[in-house]
Amino acid sequence: MKRAYTNGILLDGTEQMQPEAHKILLTEDDKIIAIVDEGVDLDGYEVIDLHGGYLCPGLINLHVHLAGNGKPGAKPRDNAALVRKILSNGLTRAVAYRLVCSYAKLELLGGVTTIRTVGGIADFDTRCRDDAAAGRLLAPRILAANEGISVPGGHMAGSVAVAAHNNAEALAQLKKASGQKVDLVKLMITGGVLDATEKGTPGELKMKPEMVKAVCDEAHKLGYTVAAHTESPEGVKVALENGVDSIEHGAKMDDETIRLYKERGAFVCTTISPALPYALFDTAVSGASEKDQYNGKIVFDGVVESAKTALANGIPVALGNDVGCPYITQYDFWRELCYFHKYCGVSNQFALYTATLRNAQLAGVGDVTGSIEPGKSADFIVTKHNPLEDLRALQHLELVVCRGHVIKKPNPKRNKTVDALLDPYLE
């Protein structure tokens, strides 16, 4: 199928992108084949009139958990027990897999055309990836890690990560993941906000350095990159010293940490969204304890400071929103760009570049997607207003195209309560 997208204003996704009017984007099947001037012969093309909308690359979310929907609960739940129940029989597994696929579809309807999953249930993420690639379901391109590797009592152990008691068990899980043909490996090196048993101790180191090194060494031999949940300065250093390729979340850096990032050639995947509710919401709304709010503020400040320091020192920065955490929904990645602009001080242009071409490059798919140029996948979105003027334009989409598949007027069902709580933090 050959299509011509006319009467649009192009934003190509590069760092210096500027609106380009009077251009026509030509695609064939799942590829962009040309960008031409108005007035060319479009015989043989299906013409799609964009009515002056802004066409830019589809967003790329590099920190996703497809097993969650972000709906906050009245009280904490036992995720490990829930996962055991889900995996207990064929029927519950089938229902859960369909739910995971529906969450992937929500990402797409929210304008995200590529996701990187960093902890999931069983092999659901790679299955969803393959079913989407084969056209059996509607979902973004997926780079999948399946279950992460944690330790007993570690972050997400028993839910979206497997608890390894020793190096042998960690390497056995890596071998299992390799058999599932994952795209990357995820480690849970530190705890998080809710893991901390005391006030002032979020991101406590959980995984021993020798386990981190053993997994990283073997993963690299197998051709995988390693992403690591790390929310403390100590955890970041352990991760970088022992071979991790990307720090997920991050923490405040000193000169030694900056040096380690550069020596390792690692990047930080900034995730401002998940800590914001714990840090900034009134506890009467979030239901967080004083301890959790205090620790949430430490993590929130650490993530923001990490991104600022990285940007100032030439360390690559990616964006993800840790979707699945409370208040972080599968359709709202655009908020992470707004937070990046507000709290880290980057321009709208740089935020959009980071969430498109830069994310694609850091995820290893920059030759496939992330910008509007011939030869790349037909992955793009259309907004009515200019996101370079206001990133909130990304909330309301006129069109989503992923691998050439066109979705007109995508309209994901929104959680109005969550939206009302989060909207003030965009101002």
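**Exercise 1. A residue of helix H10**

In which helix does Ile298 lie? Determine also whether Ile298 is buried, partly exposed or exposed.

Solution. The model is predicted. Step one places Ile298 in helix H10. Step two takes the relative accessible area of Ile298, which is 34%. Buried requires under 20% and exposed requires over 50%, so Ile298 is partly exposed. Step three turns to the surroundings: leaving aside residues up to four places away in sequence, Ile298 touches Gly200 and Pro202. The C-alpha atom of Ile298 is also 7.9 Å from that of Ala279, a residue 19 positions away along the chain.

**Exercise 2. The packing of H10 and H11**

Describe how helix H10 and helix H11 pack, and state which residues meet.

Solution. Two packed helices are described by the angle between their axes and the distance between the axes. For H10 (residues 290–312) and H11 (residues 334–344), the angle is about 80° and the axes are 10 Å apart. Angles of 65 to 115 degrees count as roughly perpendicular, and H10 and H11 are therefore roughly perpendicular to each other. From H10, the residues in contact are Phe300, Val304, Ala307, Lys308 and Leu311; from H11, they are Phe340, Tyr343 and Cys344. Sorted by class, this contact has seven nonpolar residues, one charged residue and no polar residues.

**Exercise 3. Aromatic rings**

How many aromatic pairs does the structure hold? Classify the pair formed by Tyr339 and Tyr343.

Solution. The structure holds eight aromatic pairs. In the pair of Tyr339 and Tyr343, the ring centres are 6.2 Å apart and the planes meet at 55°. Planes under 30 degrees apart count as stacked and those over 60 as edge-to-face, so the pair of Tyr339 and Tyr343 is tilted. Both residues belong to helix H11, four residues apart, or about one turn of the helix. Tyr339 and Tyr343 are both buried. Elsewhere, ring pairs join Phe281, Tyr327 and Tyr425 into a cluster.

Two charges over rings complete the solution. The charged end of Arg127 sits over the ring of Tyr97, at 3.8 Å from its centre. Lys199 lies over the face of Tyr294, 4.7 Å from the ring centre.

**Exercise 4. Positive phi values**

Where do Asn146 and His249 lie, and are they buried or exposed?

Solution. Most residues other than glycine have a negative phi. Asn146, however, has a positive phi near 55°, and His249 has a positive phi near 90°. Asn146 lies in the loop between strands E8 (141–143) and E9 (148–150), whereas His249 lies in strand E13 (residues 246–249). The relative accessible area of Asn146 is 0%, so Asn146 is buried; His249, at 1%, is buried.

Methods:
Residues numbered from 1 in each chain as written. Predicted model: local features only at pLDDT ≥ 70, side-chain atom pairs only at ≥ 80, totals over all residues. Heavy atoms only, no water. Axes fitted to C-alpha atoms, helices over the stretch in contact; angles between N-to-C directions. Helix = DSSP H or I, 4+ residues; strand = E, 2+ residues; numbered from the N terminus. Parallel < 35°, antiparallel > 145°, perpendicular 65-115°, else oblique. Contact = heavy atoms within 4.5 Å. Nonpolar A, V, L, I, M, F, W, Y, C, P; charged D, E, K, R; others polar. Buried < 20%, exposed > 50% of the residue type's maximum accessible area, 1.4 Å probe, protein only. Phe/Tyr/Trp six-rings, centres within 6.5 Å; stacked < 30°, edge-to-face > 60°. Lys NZ or Arg CZ within 6 Å of the ring centre and 35° of its normal.
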